[in-house]
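Work through the exercises below with the sequence and the 3D structure in view. Each task is followed by its solution.

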Amino acid sequence: MATDAERVRAQRTESFSDRWTQLKYDHNWLGFWFMLPAAAFLLLFLTYPLGLGIWLSVTDTRIGREGGFIGLENFEWLNEDPVFWLSVFNTFLYTTVASVIKFGLGLYLAILLNSHMPWKAIIRAVVLLPFIVPTVLSAIAFWWIYDTQFSIISWTLIEMGWIDENINFLGEPNNARASVIAANIWRGIPFVAITLLAGLQTIPQSLYEAATIDGASRWQMFRHVTYPMLTPIIAVVMTFSVLFTFTDFQLIYAMTRGGPANATHLMATLSYQRAIMGGNLGEGAAISTAMIPFLLAAILFSWFGLQRRKWQQGESDD
Amino acid sequence: MAEVRIRGVRKSFGNVEVIHGVDVDISDGEFVVLVGPSGCGKSTLLRMIAGLERITDGEVMIGGRVVNQMPPKERDVAMVFQNYALYPHMKVYDNMAFSMKLRGAEKSEVDQRVQKAADILGLTPFLERYPRQLSGGQRQRVAMGRAIVRDPQVFLFDEPLSNLDAKLRVQMRTEIKELHQRLKTTSVYVTHDQIEAMTMADRIVVMHDGIVEQAGEPLDLYDNPTNTFVAGFIGSPAMNFVRGTVRANGGPARLEAKDGVALPLGDGWSGQDGRSVVYGIRPEHLVLAEAGQRSVESEIAVVEPTGAETLLVSRVAGGEFQAVFRERHAFRPGTRVQLAPLLDKVHLFDAETGQRL
């Protein structure tokens, strides 16, 4: 006759083997465990810093001093700070102008690279170069290109007799804005161009042949075949491009540090300056937190842009 | 509607000439099928008629006009592609209306033509659907609808049925033929499937390695192939070939093949005594020999009954002989059978040139 202890042990083994069987056959259960490491990474490296940043934005924490909860005081303070609003304006200007030009030139380049030309592979590789060079390195190169005394652009224009004296690229507010935007465009174009090129290559050649026979001109082919077929990938690439540009920090910080007279301060650089350089972690965090609604808007845009269009639904024809 | 004339057309890609001077005349309202194995240049020829490929040399005329330098849209041709090439982001209606919209046609006219084409093809219920929501056969119809709406002088079909399953292919074959009988538009149809060619064509043009091997009506090609290529390409199961030498001395005319096998020949061939030839006989022209009939002995290898007929594969002179019987016989693999060729159906080809004798 079995003792109570034996019976309990038997029950335990049974329930253990039950759970093991469950683990082996229930894909959801198994999938949950497989998902855990990824979830842990996301929590540790994404959710925690984001949460901490938002928490800091409602405190008066400074470097070296534990702060207390002060509600929305940081935001009220920022609301009355013209430099903050200038940085918001700059960020929008920077993002809008750079993204529009990156899209235009990137699409143009993609179409160019998609056509037959000699040394196609090499040219495609060259286009990727700005993307490969580390940001700070290219920022320093631009710094030299925009140098007040040794700028190659000023030199060339003077040699050609177009201007008489060096252009003050980074010393004058609007020049500085245009200069950093140009540098950002230079860096961002490869991403847009190569991604759109990949999109272009998925469009079957026979569609163009059909359009040719249907009597479409080159522009009509672009308008009625290329562009609509490319819209899903345009939505993806432009969302990412906007997110990257909106949160840009390295390029500005390496080239102008926000100057002259805060004319090139973006929200990210201002946040860094206030939080790390100035030591006001709470206020800096509030500036960063203020970026969240704009980024959410961009993500929502992509959410709708990324939704499969009606014509993409249903069975594929491959 | 118009006739199409192809005069000495050549095509080179770089230094490689793929079409070596092709002449084809297609009369008004005719349904001509270009058929041949892959790589024979038939699709390239079609694309040159359409204007998708430049013509290296020679002339293509549509309705009496030389079109060599004319862009596709001025040639007034419509093309149905193998993968249908439907615009995936346009509804069926817009796919069909696209060419007319580009031309700036009146909305009412577009509407009327699309409705009419949809009516002919039974596409009316699908006009508001996207191509992805259609089955393969329906997409194929939309591709044809797009061609019909344009009311072109010439229809060009580039292997339009290759992507369909076997049953649908047979059905669409009939539909295309019916459509042609109804619209009577000059049509050029490219396929590698000789059955499609046989069943659909008014006239077949057999191409091989960039030249026209033979052009003619389907049954004429079947009965009188000019060379071994056409003889072997047209007809399924394919014609049986045996190499050997014609002998007419010391008995009735016959073909001496390997291993001392002799195949009977009609007396008409006596004049070819001693000539090296290829002996061709179609599977349905082999019958079971009756007593005293001249025949050849063969060993049965495989028996493939399909119900309507039975295909018999047997070994003769080191090669295979296929024979088709409509009657049912009790064939058993491994046994021997006496096959008698119908003497007036035997084809002889020159062993060197492959040309019909």
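Axes are lines fitted to C-alpha atoms, for helices over the stretch in contact, and angles run from 0 to 180 degrees between N-to-C directions. Helices (H or I, at least four residues) and strands (E, at least two) are DSSP runs numbered from the N terminus. This is a predicted model, in which local features need pLDDT of at least 70 and side-chain atom pairs count only at pLDDT 80 or more, while totals for chains, interfaces and linings use all residues. Residues are numbered from 1 along each chain as its sequence is written, chains are lettered from A in the order in which they are written, and side-chain values use heavy atoms, without hydrogens and water.

**Exercise 1.** Describe how helix 4 and helix 12 of chain A cross, and find the residues in contact.

Step 1. Helix 4 (residues 82–114) and helix 12 (residues 267–277) of chain A have axes that come within 8 Å and cross at roughly 145°.
Step 2. Contact means heavy atoms within 4.5 Å. Helix 4 of chain A contributes Val83(A), Phe84(A), Ser87(A), Val88(A) and Thr91(A), and helix 12 of chain A contributes Met267(A), Leu270(A) and Arg274(A).
Step 3. Sorted by class, these residues are five nonpolar, two polar and one charged. Here Ala, Val, Leu, Ile, Met, Phe, Trp, Tyr, Cys and Pro count as nonpolar, Asp, Glu, Lys and Arg as charged, and the others, Gly among them, as polar.

**Exercise 2.** Characterise the interface of chain A and chain B.

Step 1. Contacts join 23 residues of chain A to 25 residues of chain B.
Step 2. About 2300 Å² is buried between the two chains, with carbon and sulfur atoms giving 61%; buried area is the accessible area (1.4 Å probe) that two parts lose on being put together, summed over both.
Step 3. The rule finds two salt bridges across the interface, a salt bridge being a side-chain nitrogen of Lys or Arg within 4 Å of a carboxyl oxygen of Asp or Glu. Glu209(A) and Arg47(B) form a salt bridge (2.6 Å, N to O).
Step 4. On the chain A side, helix 9 (205–214) and helix 10 (218–246) each supply at least two residues. Helix 9 of chain A gives the most, with eight residues.

**Exercise 3.** Which strands are at the edges of the open sheet of chain B?

Step 1. The sheet has four strands in the order 2-1-4-5, with antiparallel pairing; two strands pair if DSSP finds at least two bridges between them.
Step 2. Strand 2 (16–26) and strand 5 (65–66) of chain B each pair on one side only, as edge strands.
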